[in-house]
Amino acid sequence: MNEIYDNDSRFAGLQSFFTKYKTILLISLVSFLLAFAITFSMNFIAKNSNEKAALIFNEWSDFVSKDDEANAQIKFDELITLYKKTGYTKIALLEVATKQASNGDIEGALAKYSLLIDLTDGFKGNKIYNKLARVSSARLLASKEQFDEALAMLHKYSTSTTNAYIHELTGDILVKKEQPSLAKEQYLKAEDLYSDETSKSIVAMKLANLK
C-alpha cells in the first residue's frame, strides 16, 4: 500500500513540476530542436558547397595547367563569388596572388592577398593562410616604399616572439625607414630564433651594418 502511495506521490510531484515549468521546458525543447536543425542544415550546406567548389577548383587547375587564361579566370571568378569561404578558394587565391607577384603585377597580387586576409582573419580563421598573406603583402608593400602599411601587416606578429623570418623582415623594413634601434631589436629576435648558422650569419651581418 505504501509502495502505491509512494508511486502516486512521485507521479504527482512530476506532474506538479511539469505544470509549473511547462513553458520553460517547452521553450528549451524547441530551442534544442531548432539549434539541431540549424546545425544540421549548415553542415549540409557547407558540405554541398565544398563539393561544388572542389569541382570548380579542379576545372580551374586544369585550365591553368593548359595556359587557358580566359577559362581559368571564369572559374576563378566563380570560386571567389559563389564559394568564397571554402578552402579551395583560399588555395586558389594564394596561388594566383603568388603568380601575379612573381610576374610583377604587385597591385593585382596585393588585392588577392587582401581578400585572403579578410577571409582568414579572426578567431575561426585560418592562421597559416593569414600569416602567409600578411607576410607576402608586407614584402610587396615594402617594395613600393609603403613602409608603414607593410609594418601594419606584420604588427600582430612582430610585437611578440614569433617566426624568425618575420622579425628579420620587420627589421629590414625598419632599416629602410631609418629606424636602426627598432631594427636592431627585431634582428636580435630573429638571430635568437634562427636554428641554422647561415641565417644567423646573414642577420649578424645586418646587425653589423646598422648605424
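Predicted model: local features only at pLDDT ≥ 70, side-chain atom pairs only at ≥ 80, totals over all residues.
Residues are numbered from 1 along each chain as its sequence is written, and side-chain values use heavy atoms, with hydrogens and water left out.

The chain has 10 helices and 0 strands; helices (H or I, at least four residues) and strands (E, at least two) are DSSP runs numbered from the N terminus. Buried residues account for 30% of the 211 residues. Contact means heavy atoms within 4.5 Å. Among contacts between residues at least 6 apart in sequence, 44% join residues at least 24 apart.

The aromatic residues can be taken next. Rings of Phe, Tyr and Trp (its six-membered ring) pair if their centres lie within 6.5 Å; planes under 30 degrees apart count as stacked, over 60 as edge-to-face and the rest as tilted. By this rule there are 3 aromatic pairs. One of them joins Phe57 and Tyr88, tilted, at 5.6 Å centre to centre with 50° between the planes. This pair links distant parts of the chain, with Phe57 in helix 2 and Tyr88 in helix 4, 31 residues apart. Phe57 is buried at 11% relative accessible area, while Tyr88, at 30%, counts as partly exposed. The rings of Trp60 and Phe76 have centres 6.5 Å apart and planes at 40°, so this pair is tilted as well. Trp60 lies in helix 2 and Phe76 in helix 3, 16 residues apart. Trp60 is buried at 4% relative accessibility. Phe57, Trp60, Phe76 and Tyr88 form one aromatic cluster.

Val96, in helix 4, touches Trp60, Phe76 and Lys112, not counting residues up to four places away in sequence. With a relative accessible area of 17%, Val96 is buried.

The largest pocket has a volume of about 380 Å³. Of the 15 residues lining this pocket, the closest to its centre are Val64, Glu69, Gln73, Val96 and Lys99. Helix 2 (22-65), helix 3 (69-82) and helix 4 (87-102) each supply at least two residues of the lining. A pocket is an open set of points on a 1 Å grid where a 1.4 Å probe fits, with protein on both sides within 12 Å along at least five of seven lines; lining residues have an atom within 4 Å of a point.

Definitions and conventions: Points joined across faces, edges and corners; volume = space filled by probe spheres on them. Buried < 20%, exposed > 50% of the residue type's maximum accessible area, 1.4 Å probe, protein only.
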